[in-house]
Amino acid sequence: MTFKYLVKTVFLTEILKAMALTFKAFISKPVTRQYPEEPREAMPGFRGMHALVRDSSTGREKCIACGLCGAICPARCIHIYSDEDEDGRKFAKRYELDLLRCIYCSLCVEACPVGAIAMTEHYEYSDYSRDAFYMTKEKLLANWDKYMSGKKGQEYFKKFYHPLADDFAEYEGQALFRGKAAERTRDAA
Amino acid sequence: MEQVDKETSAREELTLSLGPQHPATHGVLKLVLELEGETVAKCTPHVGYLHRGVEKLGENRTYLSALPLTDRLDYVASMSYNVGYVVAVERLLGVEPPERAKFIRTMVSEMARISSHLLWLATHALDIGAMTVFLYAFREREWINDLFEMLCGARLTVSYPRIGGVRNDVSQEFLDSLWKFTEEFPGRLLEYETLIDQNRIWLKRTIGIGVVSAEDAANLGLTGPMIRGSGVPYDLRKFAPYDAYDQVEFDVPTGTNGDTYDRYRVRMEEFRQSNGIVRQCIEKLPPGPVMAPDAPKFTLPPKEKVMEDMEALIHHFVLVTKGPITAPEGETYSAIEAPKGELGFFFISDGSGTPYRMRIRTPSYVHALALPYLTEGSFVADVIAVIGTADLVLGEVDR
């Protein structure tokens, strides 16, 4: 029972310290976001709702109905029914994706050899019926037009689905630690 | 009726069913407590409410597509579980990831450790009665989730590592903001400690609660902060280094008494060590590829090559549809240090693209089964403190 302990016990010093911190937080800027009023932009490359890539030259889907996305899908939520058109080109007659089964791992995007499926940054999709979450080919193509048209869609596969492996040649542009360099410039200035 | 009442009042015993929907059990854990007055005479954990059959599902998926299942084991530190899975598969297949991928994986698994410990601190303090810490800890956890989103597009179920490397390279923006996080995080830790470290209610609720001696901890199979709190410096990052842990410097904090407070101190110290490891990884991050260049039979080829190179196309189709069919036969057990303890993957391979058997040794399962030892003889209120200090995540208890 030292004097220090006695002071601490009687005057509630540790509680007052904590209350001071609470007060500091009370007058500082809040970190919470009023979500529905202030919508949050997803980061680039977010794994949201799917889209089928529309080929700008033909106006049709890029998909060649090889079925690799359905094969790698851990949730088994992609169903493809293929057909041949008059030129003998294989295409997906029906391309269906059950969003309620999907686990958003993006393995389908990696498996696709032609880059025909993408994941958009759209994440707000609540609805009243289950049918709204059963995506057909038309819905998925409309997603591409709506969320990924223009530059965003062109850069998508270059930026996020490029595992640097045996073709790795150029090092420039690769992210490296530059904290010390930044400190040096700050000191010089 | 009268007779029954007499009997129960004579024995003064009460069977209390805690859970499975009790918020303080962190998920769907059910504890059947036999009480004598307010003292717990017997505690029986009932697990299995969240069973999804991940091990069996893994036997029906290829090595590549079973990876997202491991996200769902411990959903608060899914990155560590992904890393544990790919390290085990790499050891089975004999794939060596490049240096840059090793450093990135070390970095992200330490971020997952910080994130997991933040959730532990928030909910543990909330259960005991300190609500303020919850709000502070979730502020930083949100930051880490944002960083994960920047890295791989998902906040919780990341699926970021891949067999032979990682999914994509880190961006400069990510590295810079992670560096900023590591600079600010020690200050935030001091804030948490201001709130509870010396708080008299916190001390009364944690000191001397759930005591486990070093010998008993080892006999019960406890790992991670649960055994380190008892003074055993058992850490797989030191004893069996994987990824880049042999190239970074860190200490293994230990406690002395093995009570709830010591385990709290161990985890608070681990925050600082993890923060240091993340900083070292950023500083030492070498340039180079992030996917093993010399394992075309186990890693997906670059997308540009698939439609140009015949061999790459064949590898791609076979890998996606059948998995790595040239996997060597045999069995392997590989363990990593997950935030909650030793996470082990045991594979039996029959040479096909899917594992013949995938067994997962999860730390929380062992810790849940140690609850009777930790709670019997203590008060009901202390059961909540012990569940909190064991850091149970029911997703990995039930698998």
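Among contacts in chain A between residues at least 6 apart in sequence, what percentage join residues at least 24 apart? The answer is 69%, where contact denotes heavy atoms within 4.5 Å. The structure is a predicted model, in which local features need pLDDT of at least 70 and side-chain atom pairs count only at pLDDT 80 or more, whereas totals for chains, interfaces and linings use all residues. Residues are numbered from 1 along each chain as its sequence is written, chains are lettered from A and ligands numbered from 1 in the order in which they are written, and side-chain values use heavy atoms, with hydrogens and water left out.

For the complex, the predictor gives an ipTM of 0.82 and a pTM of 0.87. In chain B the mean pLDDT (the predictor's confidence in each residue, from 0 to 100) is 86, and 97% of the residues of this chain reach 70 or more.

Chain A contains seven helices and five strands, these being DSSP runs numbered from the N terminus, with helices (H or I) of at least four residues and strands (E) of at least two. Along the sequence, the elements of chain A follow the pattern α-α-β-α-β-β-α-β-β-α-α-α. Of its 189 residues, 39% count as buried, where buried means under 20% relative accessible area, exposed over 50%, and partly exposed in between, with a 1.4 Å probe and protein chains only. T136(A) lies in the loop between β5 (134-135) and α5 (137-147) of chain A, and counts as partly exposed because its relative accessibility is 25%. Its C-alpha atom is separated by 75 Å from that of T2(A), 134 residues away along the chain.

In chain B, strand β1 (residues 13-18) is joined to β2(B) by six bridges in the antiparallel sense, two strands being paired if DSSP finds at least two bridges between them. The bridge partner of T15(B) in β2(B) is E34(B). Strand β2(B) also pairs with β3 (residues 39-46) of chain B, again antiparallel, over seven bridges, and L31(B) has P45(B) as its bridge partner in β3(B). The strands β2(B) and β3(B) form a hairpin with two residues between them, and G37(B) in the turn has a positive phi of about 65°. Five of the seven residues of β2 (residues 30-36) of chain B are buried, so this strand is largely enclosed by the rest of the structure.

Three further elements of chain B form an open antiparallel sheet in the order β6-β7-β8, with β6 (330-338) and β8 (357-361) as the edge strands, each pairing on one side only. Strand β7 (residues 341-349) of chain B is joined to β8(B) by five bridges, and F347(B) stands opposite M358(B) in β8(B).
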